[in-house]
Amino acid sequence: MNAVRTFITARRDARAWHWTDVFTYAYLALGIFLMFGPVVWLALSSFKTQAGLVEFPPTFLPLAQVEVPVEGYDEPLPLFRVTMEDGSVRELAQIRRIGIVAQMIDPADPENVMRLPIADREPIREFSLAWKNYIDPLQKFNFVRYLYNSVFVTAAATLITLLINSMAAYGLAIYEFKGRNFVLAFVIGTLMIPITVILVPVYLVVTELGMVNSLWGVIIPGAATPTGVFLLRQYMLTIPRDLIEAARMDKASEWSIYWRIVMPLSLPALAVLAIFSIMWRWNDFLWPLIVLTRSENYTLQIGLNSFQGELNVQWHYVLAMTVVTLLPVTVVFAFLQRFITTGIASTGMK
Amino acid sequence: MTAATTEATLRDRIGSGALALVAVPLRALFSAIDYPMRLVQRVVGVVGMPYLFLIPNLAFFGTFVVIPLFINFGFSVTGGTQLYLEDRPYVGAEQYGYLLDCENVTDVSTCREDRFWRSIYNTITFVFFQVGFLVIFSLVTALVLNRKIRARGFFRSVFFFPVLLSPVVVALIWKWILLRDGLLNAFITWLGGEKILFFISPTWAMFWAIFVSIWAHMGFYTLILLAGLQAIPPDLYEAAEMDGTKPSRVFWRITLPLLWPNMLVVIVLALIKGVQIFDEVFVLTGGGPGTSTLFIVQYIYETGFASQIQNFGLAAAASVLLGAVLLVLTLAQLYAAQRREAKAA
């Protein structure tokens, strides 16, 4: 107990509590609430039934009405807690509701039908997860397809990015050659051209190459990231030249120096770029929105957007699929949190 | 060995396991390439190899960045609805003229393309408030995280977590809270207030567009500022404490001046990202109500791709103008980054 108290009241120094200490912990508490709260609310809501979602005010936990099988009825009947006229409280099952009157029976005594005003009854509910929200969209709608497309785009794009960026970085880091500075300036220059400025012409190029409405039209245009080349080159510059010279003495080819020596030594930087690339691709929105117009090619993000843009938004499905979309990123983050934050802090990129 | 280090090594193992999963098939692929590459090296020699390594990446850059950059001008000086440049008639500066044709620039309704001007004014409003509050909150958060607090790593990731979420997810999370029967309105009615229809009111829609984008991106800028704060030599603070300097004076005289290069980077980066705001607001409000959260990138997207008549020329002209603004901001970024590096050296 004592340890807990020291932990909670730990402060900058042993002097009395300063207002800044109070502010610090209040701010951090508010931070947890504001940053995690909405995500937790999303996750809880995604397990509510359709009826539970339209309820106002909403319940905190996903609740579902308890249903009981009753002899003589095919479907299980919903259970209510009813305040009887004499003030006693009974648990009754409802057969049907007619206006403000409900026909109810005691599950133990199915012969005796009672007519009771609906104001006197209250549904009995229990904690229950509506997995249907997750299963239905995967079965009825194209979400498995979207999921597959997203995984494919992310994996293929990341592999291509790692390959061509590391090759370029190797060329720029290891060799002295004519035009190197020009290429470097060129790479840094392209770093500054966001896709939002060249949407129309890139669309033309992608059309000319026949990649409109194909996943390759999403994968290829962003594969040669200047960020990646820059990040990998900076790292490769720190690899001792003696290693490479020694390999050349042993008659290693340039390609095997790249692959056998430089790549394994650059694994930390490659990991950072891989994580970045996975994040970029998984979350990519504007470009896929333009290139992919046929529903079967949608990625999760585009599918989710078109699903929430429908006239009658089926929120129970949208929420569940939103959770599916954020899950991989959250899991990756939970394990590689240190990698990601130090990677961003040291490069200033995301 | 303590529990903390065991956990750390375990996490490292899982991390390297994931890497091995990617590395093994790659290794096979690369070995297969080795033999043809030896032959190539025999032909071009060691001198030619760097070019070979650079070709794939540069080809991608050229095809999808450099050439488009020039084609963009081509689009912006041609008219019609055709995509292929050879089918498009040359119209000179007509597209720019159409965009900029205003009797009175301060009154959007006198402009021929009022949506363009509306989107510009909206973007200016958005950037002004979003960048301002983003920088303030990031700074406060970084200062708080830089104090001697328990579980700093945990709190750092708390604030950073939303950065990783996709814009669509971010927008849907908040849309769900802000709906008419959503959590926030439940809270307001619980307090005794009236339900607010956030997406019907232009002011509220803009407010939430700004709020949500700050929520989503704050962690990133906090991280940059935190790195800057941790680079400030602690002996400066010790000396100030010995002199009995007031904390507010320490902040204004030590922390802020030494953090300034990082602040500059953060401000310019936030400006560059802010001007290009699209994804999360598009999903959250769709630009509405009316055009009250229509921003410049959405204008380009809708003009070029999402309207009945795809007006590529107008979209390209608007994106050239956007590019010009970004160029200025980028030069500012280079300047800021240089100051930051000069400080580090």
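Into which domains is chain B divided? Chain B splits into domain 1 (3-73) and domain 2 (115-344), with bounds that come from an automatic or database domain assignment. Keep in mind that this is a predicted model: local features need pLDDT of at least 70, side-chain atom pairs count only at pLDDT 80 or more, and totals for chains, interfaces and linings use all residues. Residues are numbered from 1 along each chain as its sequence is written, while chains are lettered from A and ligands numbered from 1 in the order in which they are written.

**Domains of chain B**
- The C-alpha centres of domain 1 and domain 2 of chain B sit 33 Å apart.

**Where the chains meet**
- On chain A, 78 residues are in contact with 81 residues of chain B (contact means C-beta atoms, placed from the backbone, within 7 Å).
- Helix H15 (residues 315-347) of chain A gives the most to chain A's side, with 13 residues (helices are DSSP runs of H or I, at least four residues, and strands are runs of E, at least two, numbered from the N terminus).

**A helix pair in chain A**
- Helix H5 (residues 143-174) of chain A and helix H12 (residues 267-283) of chain A have axes that come within 9 Å and cross at roughly 140° (axes are lines fitted to C-alpha atoms over the stretch in contact, and angles run from 0 to 180 degrees between N-to-C directions).

**A hairpin in chain A**
- Strands E5 (residues 101-106) and E6 (residues 109-117) of chain A pair in the antiparallel sense over 6 bridges (pairing takes at least two DSSP bridges).
- A hairpin links E5(A) to E6(A) through 2 residues.
- Met104(A) has Met114(A) in E6(A) as its bridge partner.

How values were computed
Two residues are in contact if their C-beta atoms, placed from the backbone, lie within 7 Å.
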